[in-house]
Amino acid sequence: MKTFRAAFLAGVLGATLVVPVAGAPDAQAHGWVTSPPSRQDTCATGAAPFDCGTVKYEPQSVEAPKGSMQCSGGNPAFAILDDASKPWPVTSVGPTLTVQWKLTAAHSTSLWEYFVDGRSYRTFDQGGAQPSSTISHTLTNLPAGRHTILARWNVSNTTNAFYSCIDVLVGEPTEPGTPDPTPSPTDPPTTPPTTPPTSPPTTPPSGQCAATPWSAGAVYVNGDVVSAEGRSWRAKWWTTGERPGTTGTWGVWADLGPCTT
């Protein structure tokens, strides 16, 4: 009887030990965007001027359920990728951009999705096939200005996707008030110009602004001028919901000064 009981207990313990092994997660690596450098790529190469934590050791592992609009995909292990206040390196690019992935495990893929500042921009259908280890996609007609591009790689036979965010500057937007570094020479006038009489300029009443007041629900593009807090502001690129005066010197709004003198 003792022999039978010992054999029974050994069998139960053996079955108990097998369960966690069978349910262990897949530890293989996956993939990330390397060009232009994604946020996790700058961490892995040491280009990010701060400590990124564990993502610097596994940039290929930013995996989470499909559908997230976060740079981390909502994976708490890589939450630092969502911190827009960090000085992430920005790559200057043109309106046509080739995005290069590095895959260390070519999973069967449904869709490759690209979002610019949170808006769907381009989708590539892989049709469930396995991609090459160095697959790339070309984005065209990117809007000028500073943008964050979210790249989302959807695996076809699981519920997960892989996420990479890329910080880019498309073109070279001109700051308001920047003088022309090479002005064209002009000949001096031979006779003094005659200035016709003009009516006194009309200005808004003191404390009011001529520009349209900023609205949280409106969409603004490069060159749009609004008023807020008694000052005028000019958009450097596409934006919505970002209140003037809160985005900092390098943010989307350029301070044009007080509305009235």
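A disulfide is a pair of cysteine sulfur atoms within 2.5 Å. A search of the whole structure finds three of them. The model is predicted, so local features need pLDDT of at least 70, side-chain atom pairs count only at pLDDT 80 or more, and totals for chains, interfaces and linings use all residues. Residues are numbered from 1 along each chain as its sequence is written, and side-chain values use heavy atoms, with hydrogens and water left out.

The link is left-handed, at -75 degrees about the S-S bond. Buried means under 20% relative accessible area, exposed over 50%, and partly exposed in between (1.4 Å probe, protein chains only). Cys 43 is buried at 6%. Cys 52 is buried at 7%.

Another disulfide joins Cys 71 to Cys 165. The pair links distant parts of the chain, 94 residues apart: Cys 71 lies in the loop between strand S2 (63-65) and strand S3 (91-93), and Cys 165 in strand S9. Strands (E, at least two residues) are DSSP runs, numbered from the N terminus. Both Cys 71 and Cys 165 are buried.

A further disulfide joins Cys 209 to Cys 259 (S to S 1.8 Å). This link is right-handed, with 85 degrees about the S-S bond. Cys 209 is partly exposed at 24% relative accessibility, and Cys 259 is partly exposed at 23%.

Strands of a sheet pair through backbone hydrogen bonds, either parallel or antiparallel. Two strands pair if DSSP finds at least two bridges between them. Four strands form an open, mixed sheet in the order S10-S12-S13-S15. Strand S10 (212-213) and strand S15 (253-258) stand at its edges, each with a single partner, so one side of each lacks a neighbour in the sheet. S10 runs parallel to strand S12 (residues 225-228), joined by two bridges. Pro 213 has Ser 227 as its bridge partner in S12.

Three strands form an open antiparallel sheet in the order S1-S4-S7. Its edges are strand S1 (31-35) and strand S7 (136-139). Strand S4 (residues 97-103) pairs with S7 over four bridges. Gln 100 has Ser 136 as its bridge partner in S7.

Strand S8 (145-155), strand S9 (160-170) and strand S14 (239-240) each supply at least two residues of the lining of the largest pocket. S8 gives the largest share, five residues.
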